[in-house]
Amino acid sequence: MKAKWFLAIIIGILLVSLVNPAAANEKNSLQDEIIYDLLVDRYFNKVIQNDYEVDSRDLTAFNGGDFKGLASEMQYIKDMGFTMVSIGPVFSTATYDGKEVIDYQQFERHFGTKEEFQEAIDSIHELDMKVMIDLPTQRVSKEHVWNKENPEWFSENEDGTMALDTTNPEAQRKLIDWFSEFVEEYEIDGIRLQTADQLDQDFISQFSETMKSIRGVYIISDLEMGPQSGLDAVVKPGIEEDLRSSYKNFDPLSTTSPDFEETAEGQLTRVDSLLSNRFTSDIVAVRGFPPTRWNLLMFQLLTMPGIPIVQYGSEIAMNGSAPPESHSILNMGVDEELIDHITSLTSLRNQSEALRTGETEVLHEKDGWLVYKRSNKEESWIIAINNSSSTKSLTIPAEVIGDDKEMRGLFENDVVRQNDDGDYQITLDRELGEAFNVIERKGFNKAYIAALILLYTLFISFLVLAWRRGRKRNLAKGNKSKNSDVEEFPKPNHG
């Protein structure tokens, strides 16, 4: 644990020394967020008082996660570098995932009380993160209190659930008035409209305008769809299939859409969701190795344009072919190699404005060998991802990088300078990703050298301290042994 903590400090120092300080601006828009998507019931069970008919062995039942569990384990999400937490629906519901709402004006008793919900919000905000909740309307319970009072507001779905008619003026007004009170009382930062493609467009616009008049909350969609008035962002159409096909194995037959730099900006990007099977199940189906596949995919997801959403458990390569199998309880006591990789990438994205909102230029995209440039006026990055079975190289002309520059790799520690032809050649081994920071070539990088000096100083101090402690222990053992030896000999008999 001490070695891991020590290494994390050094990586942080090196990141700060390489990233342009001007890029670490305060976040102020949805494009600056990295969203961690979870379900309250499947995150962490803190108290047993609300475990009504809970069965953690039955994935179709409530498993015990609650608001107290969210509040107590938020540091886990913060440490991975996420800036926003989407916690799903929180209202009284017939199902663990919160979709089959019974009463919007009551919190689900399995999750906890309104005071505990407020505590969870406070804990998230204290860690300088934002919180988003889901609003289900198209698959609510037949026992919904509004259905009993106003059945004309609803239509029945094939699975027996009910869909609220958002074209109905009375239903619109009721939902907007109620949620206005909710947003005024609880300082949430975002609302995700479930099954947004089935909602009336006028309703979405009115809902969004009203909520934003109370506070500047984000309003987003949960589905892949075209841009919609009133929605701050939608899931980029085709993004899940593109990423899954590209990274479930090396040497992909299909590759990421070449226009992603134009179409992904300002849209939500993800590889899977709470609605689908896990990406890990795709990897297993083709006999791939999940940690490597996830490492490469995360490299693109967290450096490409768009607003990344990562489903809970992706950091441990959670498996599952469909809900509820894909909604296992989160296990935090696992190997942290993938967690550390995600943390490094989110740290880089959080510090680099160019990686969040900068321009994108695809330099090469063929047979799993993807190279693109992310840049703004202050900084420039070359992202290289080798998702193939062989070492790959690419020569980048000076017009792209600039003359007399230096490219420093943060993950594989490679340094690239102009060759005799004035170009820059990058080489990357199979199944690896690299982020090259383009900087002025000024001989010695003082910040980098200072970080190395600090590294060696701390390392030598650690060795000296360990040697001294070891020497003390050996001396103590030696003295104890001598004393024991003296006492074992019988005293001479002079009588």
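**Close-up 1. S246 in helix 8.** S246 counts as buried because its relative accessibility is 4%; buried here means under 20% relative accessible area, exposed over 50%, and partly exposed in between, with a 1.4 Å probe and protein chains only. The residue belongs to helix 8 (residues 239-247). Helices (H or I, at least four residues) and strands (E, at least two) are DSSP runs, numbered from the N terminus. The side chain of S246 comes to 2.8 Å from the backbone oxygen of D242, a polar contact, that is, a pair of N or O atoms within 3.5 Å; within protein, one must be able to donate a hydrogen and the other to accept it, and residues adjacent in sequence count only if both atoms are side-chain atoms. Please keep in mind that this is a predicted model, where local features need pLDDT of at least 70, side-chain atom pairs count only at pLDDT 80 or more, and totals for chains, interfaces and linings use all residues. Residues are numbered from 1 along each chain as its sequence is written, and side-chain values use heavy atoms, leaving out hydrogens and water.

**Close-up 2. Strand 15 and its two partners.** Strand 15 (residues 380-386) is largely enclosed by the rest of the structure, because seven of its seven residues are buried. In a regular strand, side chains alternate between the two faces of the sheet. On one side of strand 15 lie S380, I382, A384 and N386, and on the other W381, I383 and I385, all buried. Strands pair if DSSP finds at least two bridges between them. Strand 14 (residues 369-375) runs antiparallel to strand 15, joined by seven bridges, and a hairpin of four residues connects the two. Look for Y372, whose bridge partner in strand 15 is I383. Strand 20 (residues 432-440) also pairs with strand 15 in the antiparallel sense, over six bridges, and here I385 stands opposite G433.

**Close-up 3. Aromatic rings at F91 and F182.** The count of aromatic pairs comes to 25, taking rings of Phe, Tyr and Trp (its six-membered ring) whose centres lie within 6.5 Å; planes under 30 degrees apart are stacked, over 60 edge-to-face and the rest tilted. F91 and F182 make an edge-to-face pair, 5.6 Å centre to centre with 70° between the planes. This pair links distant parts of the chain, 91 residues apart: F91 in strand 3 (residues 91-93) and F182 in helix 6 (residues 169-185). F91 is buried at 0% relative accessibility, and F182 is buried at 7%.
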